[in-house]
Number of protein chains: 2
Amino acid sequence: MPKSTNRLKTNKHTSYLDYASSVSPNPSSIHSAGVEAREKLENARGVVARILSARPQEIIFTSGGTESNNIAIQGIVMGVGISKLPHIITTNIEHPSVLETFKLLAERNLARISIVPVEANGIVDPKKIRKEIKKNTVLVSVMYANNEIGTIQPIREIGKAIRHYKKHSKRNDIFFHTDAVQGANYLDLSVERLGVDLLTLSGSKIEGAGSPKTGVVGRVGVLYKKKSVPLVNIFGGGNQEWGLRPGTENLPEIIKFAAALQYAQKIKEKEAKRLTQLRDYFMNQLFHSNILTNFRMTINGDSKNRLPNNINITIPHIPSDLLVIELSVHGIMASSKSACKSGDGKASYVIRAINKNIKDTDGSLRFSLGRQTTKKDIDYTLKVLSKILLKLKKWYT
Amino acid sequence: MPKSTNRLKTNKHTSYLDYASSVSPNPSSIHSAGVEAREKLENARGVVARILSARPQEIIFTSGGTESNNIAIQGIVMGVGISKLPHIITTNIEHPSVLETFKLLAERNLARISIVPVEANGIVDPKKIRKEIKKNTVLVSVMYANNEIGTIQPIREIGKAIRHYKKHSKRNDIFFHTDAVQGANYLDLSVERLGVDLLTLSGSKIEGAGSPKTGVVGRVGVLYKKKSVPLVNIFGGGNQEWGLRPGTENLPEIIKFAAALQYAQKIKEKEAKRLTQLRDYFMNQLFHSNILTNFRMTINGDSKNRLPNNINITIPHIPSDLLVIELSVHGIMASSKSACKSGDGKASYVIRAINKNIKDTDGSLRFSLGRQTTKKDIDYTLKVLSKILLKLKKWYT
């Protein structure tokens, strides 16, 4: 029998005879355990809505960022239908869940796509987005902050450019989506101020509200969809989440997600300031220590307009996958590129987008900091990295 | 910092600087925390594969049964492409994640569909499935056991009929999928013996291996896909799960799922026997107690060839939603129909499929038993149900 609830405690005897619905209470059930689950779900939805300055009915809970992005992009395209081939626009450094979805729709002849290259600093020029808008454009999708190099995109300016186009062309059937997964801990999440119609969040990138052990949020995501956006469902199933994300809601993780997002918002400014200082200290040390300067390292992405917790460097001639493994031997968990694409021996598509001359053997090394990261971690990492580089230098340069 | 792992413990200092990948270790990361997560993931995959008599590379972890069914059905249809309109077959009592996906594909002109009606006992005739197979048929999807009325479908016989057709027509591009979500606790799960190419499981319908409190499995599902089945991805994203289900894997729930499925298999025969006795006792009492016989109740679905834990009855003239609410006041959690479709005031499509004369006001009442259910629960339920019916009789009949 599932964990008894307050309502159930009022009865001497309780019999849970709804195992076929779910072995734990299901928010779609009409019995009291279901009603109580529904209340908790709607409470969490209200919390998320307030943080985004949205309405509760504009919040769709999903299984994660990848699913949110697919529902947003494919849902807009499918709504237009395959008879009129819709056109959609994105950039060349989006997360694979956006970029590969665009390519998938193009390959299957379900959409035409434009992929706008970012500038050398890893930031897209809103004018270049504007230039790509055509009569059959129905969606622009630009990420809030990049997952590999941390660069923050000019979302408000792109939103303005789209609204300007809509006003002049008298069209209202073009929508703006942002993948805000990496920005959730540090950036402004007001959809009003950002001027977006659709926005993606993910639980796995938000640090829990409790201790590091209890606070981890499981696989859950959010898609904000402005009420007026005519998104159609890409899945067949039940009526959960207005039919846009059928399947029993992941209630325990949704509750944790809402609490974690609320806590992250509360400490956002303080934490962003603390991590910016740590990040800048890390980058300064990298470039001013005698040992490290010998390697002609470069910083990937704009050095100022980036997430407070992101450091991404290229060290020529030394394979970054090897660096990640050597660092992990010393207890330091870093990344060579998006974990979704790790281990294939090729330079990251994000790094290639901002540096045409990059070689596969150069690669890139990403350190992403979090709530538990201290100056001690950075100093230890700098010491270990110097040691590893000196050792590897003999073999690779 | 995430929970430290055994490997990490060998280092005096550990620094988790991979927050952007995930706040907890990500099986796609190449550092040691990622490698350890990957090992746990592959271990769980091996456990599930052995239970299904499948190979590990044939097991795809998803976010739940609804997603598994969508990936299977849409993935087969998309693989054929929109230029040749494929034909797919199912029954009229499938779970909404199958039936609504079929309708979605038909509405969007991505497939032609045949929906075969089941017989009055809630079981489909394999000959009627066979008769629907056409030259452009690419998929047959029939559920293993129904979620509302518990009837068990003749999966082996349907598999044989399809193989017979394939042999005679010299075709090998037609595939057989079963949604086995409701069967996982009680039925044979060997894909070899069942003769299926694709099979769906869901964590939320399997009781955990631990105590009721700790053992609940979260939102995770499985899709078995025979190696030779040319399924294409319906999501764009990373390479996780062979690209068929991109997005960071839900490792904590996958581990729980594998342990729960293993435990359910271990106790399957004993538990099926115990619940069959309870179920038959429940049904006998319903039909032989003096009070209850006055209501001309009917059992929905075959009385023998049904899940050991399922009782589904129609009580004419008394709204079943009201019965569910009245029962829940007495601490008994039952269901009027699939939770995914509850609360709309209409008779269930499953009940309508087996009883053309059913009225919306008749409805149906489902009791589904589980590991914690005892004879005491059944006796209490019978007593409470009698009391409620006597009260409601005055108003409704």
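Helices (H or I, at least four residues) and strands (E, at least two) are taken as DSSP runs and numbered from the N terminus. The model is predicted: local features require pLDDT of at least 70, side-chain atom pairs count only at pLDDT 80 or more, and totals for chains, interfaces and linings use all residues. Residues are numbered from 1 along each chain as its sequence is written, and chains are lettered from A and ligands numbered from 1 in the order in which they are written.

Just after H4(A), A:Asn109 adopts a positive phi of about 60 degrees. Helix H4 of chain A spans residues 96–107, twelve in number, and reaches 15 Å from its first C-alpha to its last, close to the 16 Å expected at 1.5 Å a residue; the expected span is 1.5 Å times one less than the number of residues. Burial was assigned from C-beta atoms placed from the backbone (buried, 20 or more other C-beta atoms within 10 Å of a residue's own; exposed, 12 or fewer; partly exposed, in between). Nine of the twelve residues of H4(A) are buried, so the helix is largely enclosed by the rest of the structure. Among them are A:Pro96, A:Val98, A:Glu100 and A:Phe102. The elements of chain A that cover the buried residues include helix H3 (65–80) and strands S3 (87–91), S4 (112–116), S5 (137–141) and S6 (175–179).

In chain B, helix H4 (residues 96–107) likewise has twelve residues and reaches 15 Å from its first C-alpha to its last.

Between the chains, 90 residues of chain A are in contact with 90 residues of chain B, where contact denotes C-beta atoms, placed from the backbone, within 7 Å. H4(A) contributes seven residues, the largest share of the side of chain A that touches chain B. That side divides into 30 nonpolar, 45 polar and 15 charged residues (nonpolar: Ala, Val, Leu, Ile, Met, Phe, Trp, Tyr, Cys and Pro; charged: Asp, Glu, Lys and Arg; polar: the others, Gly among them). Strand S11 (residues 332–333) of chain A runs parallel to strand S1 (residues 15–16) of chain B, joined by two bridges, and pairing requires at least two bridges found by DSSP. A:Ile332 stands opposite B:Ser15 in S1(B).

Superposition was by least squares on the C-alpha atoms of residues with pLDDT of at least 70 in both copies. Chain A can be laid on chain B with an RMSD of 0.0 Å by a turn of 180 degrees and a shift of 0.0 Å along the axis. The two copies are therefore related as by a two-fold rotation axis. Of the residues of chain A, A:Ser63 comes closest to this axis, its C-alpha lying at 3.2 Å. Since 99% of the interface residues of chain A are also interface residues in chain B, the copies meet through the same surface.

Methods. Contact = placed C-beta atoms within 7 Å.
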